[in-house]
Amino acid sequence: MLLDRFLLASRGFEHHLRGVPPDGWAAPTPCTEWDVRALVNHMTRGNLNYVGLLRGATREEFLALRDADALGDDPVAAFTGSVRACAAAFAEEGALERVVDYPLGKLTGRRALAVRTTDSTVHTWDLARAVGADETLDPGLVAWIDEDYEAIFAGLALGPRFFAEPPPAAAGASRQDRLLTRFGRDPRPAG
């Protein structure tokens, strides 16, 4: 079920990735330090780095590769290949029980996959916002992250380095908007 969520989140990201116009790679994203290409690289490299964690990589190795180019000249193929590699690694026998040296603290593979799925979901919104696409996230993923947030991130050293200061939530905000606010995004219409 968790692996299915990861694949669902990845398909959402891929959908928007395929819609990036040729001149859209330098467009800004809600992640102020990244343009579209850097965001896509973050997602692609992240998938590959999780494979590394499952193979015994350390947090230092994970962080050293965090910004290394993983896209080459075909970002869509690089991303989809990284999703397949990540899914295959997490599907291996014992992978979900294995303890990995994640940069924010040691995690089981199951929790690492939950963190990866959450990251993929939130960054799907970032990419949609950057390319002017429909920003609606899968409601099942939104509900799962919202309901399991504490369990997913329990004991991890989160902080301003990982999430921007959340904007105030609007009265009557949707569940998706409340979730995005929790991750430091401003879901109000751009403009």
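The model is predicted. Its largest nonpolar core holds 50 residues. A search of the whole structure finds 8 aromatic pairs. Helix α6 carries a kink of about 55°.

**Nonpolar core**

- Tyr50, Tyr102, Val115 and Leu127 touch the most other members of the largest core.
- Six helices each supply at least two residues of this core: α1 (2–17), α2 (36–54), α4 (75–91), α5 (109–131), α6 (139–153) and α7 (175–182).
- Beyond its neighbours within four places in sequence, tyrosine 50 is in contact with Phe62, Cys86, Phe90, Tyr102, Ala112, Val115 and Arg116.
- Tyr50 also belongs to a cluster, linked by ring pairs, with Phe62, Phe90 and Tyr102.

**Helix α6**

- At the start of α6, a side-chain oxygen of aspartate 138 comes to within 2.9 Å of the backbone nitrogen of glycine 140.
- The kink of about 55° is centred on glutamate 147.
- The end C-alpha atoms of α6 are 20 Å apart; its 15 residues, at 1.5 Å a residue, should span 21 Å, so the two values agree.
- The buried residues of α6 are Leu141, Val142, Ala143, Trp144, Ile145, Tyr149, Ile152 and Phe153.
- Their cover includes α1, α5 and α7.
- Residues three or four places apart in an α-helix point the same way, because there are 3.6 residues a turn.
- Just after α6, glycine 155 takes a positive phi of about 80°.

**Aromatic pairs**

- A pair of aromatic rings is described by the distance of the centres and the angle of the planes.
- The search of the whole structure gives 8 such pairs.
- Among them, phenylalanine 13 and phenylalanine 79 form a tilted pair, with 4.9 Å centre to centre and 45° between the planes.
- Phenylalanine 13 lies in helix α1 and phenylalanine 79 in helix α4, so this pair ties together parts that are 66 residues apart in sequence.
- Both phenylalanine 13 and phenylalanine 79 are buried.
- Phenylalanine 62 and tyrosine 102 form an edge-to-face pair, because their planes are at 75°; the ring centres are 5.9 Å apart.
- This pair ties together parts 40 residues apart in sequence, because phenylalanine 62 lies in helix α3 (residues 59–65) and tyrosine 102 in the loop between β1 (99–100) and β2 (107–108).
- Phenylalanine 62 counts as buried at 8% relative accessibility.
- Tyrosine 102 is buried too, with a relative accessible area of 9%.

**Threonine 121**

- Threonine 121 lies in helix α5.
- Its relative accessible area is 2%, so threonine 121 is buried.
- Leaving out neighbours within four places in sequence, its contacts are Ala9, Leu137, Leu141 and Ile145.
- Of these contacts of threonine 121, Leu141 and Ile145 are among the buried residues of α6.

**Proline 187**

- Proline 187 sits in the segment after α7.
- At 14% relative accessibility, proline 187 counts as buried, because the cut-off is under 20%.
- Proline 187 and glutamine 176 are 11 residues apart in sequence, and their C-alpha atoms are 8.6 Å apart in space.

Key:
Residues are numbered from 1 along each chain as its sequence is written. This is a predicted model: local features need pLDDT of at least 70, side-chain atom pairs count only at pLDDT 80 or more; totals for chains, interfaces and linings use all residues. Side-chain values use heavy atoms; hydrogens and water are left out. A nonpolar core is a set of buried Ala, Val, Leu, Ile, Met, Phe, Trp, Tyr and Cys residues joined through side-chain atoms within 4.5 Å. Buried means under 20% relative accessible area, exposed over 50%, partly exposed in between (1.4 Å probe, protein chains only). Helices (H or I, at least four residues) and strands (E, at least two) are DSSP runs, numbered from the N terminus. Contact means heavy atoms within 4.5 Å. The expected span of a helix is 1.5 Å times one less than its number of residues. The bend at a residue is the angle between axes fitted to the seven residues ending there and the seven starting there. A polar contact is a pair of N or O atoms within 3.5 Å; within protein, one must be able to donate a hydrogen and the other to accept it, and residues adjacent in sequence count only if both atoms are side-chain atoms. Rings of Phe, Tyr and Trp (its six-membered ring) pair if their centres lie within 6.5 Å; planes under 30 degrees apart count as stacked, over 60 as edge-to-face and the rest as tilted.
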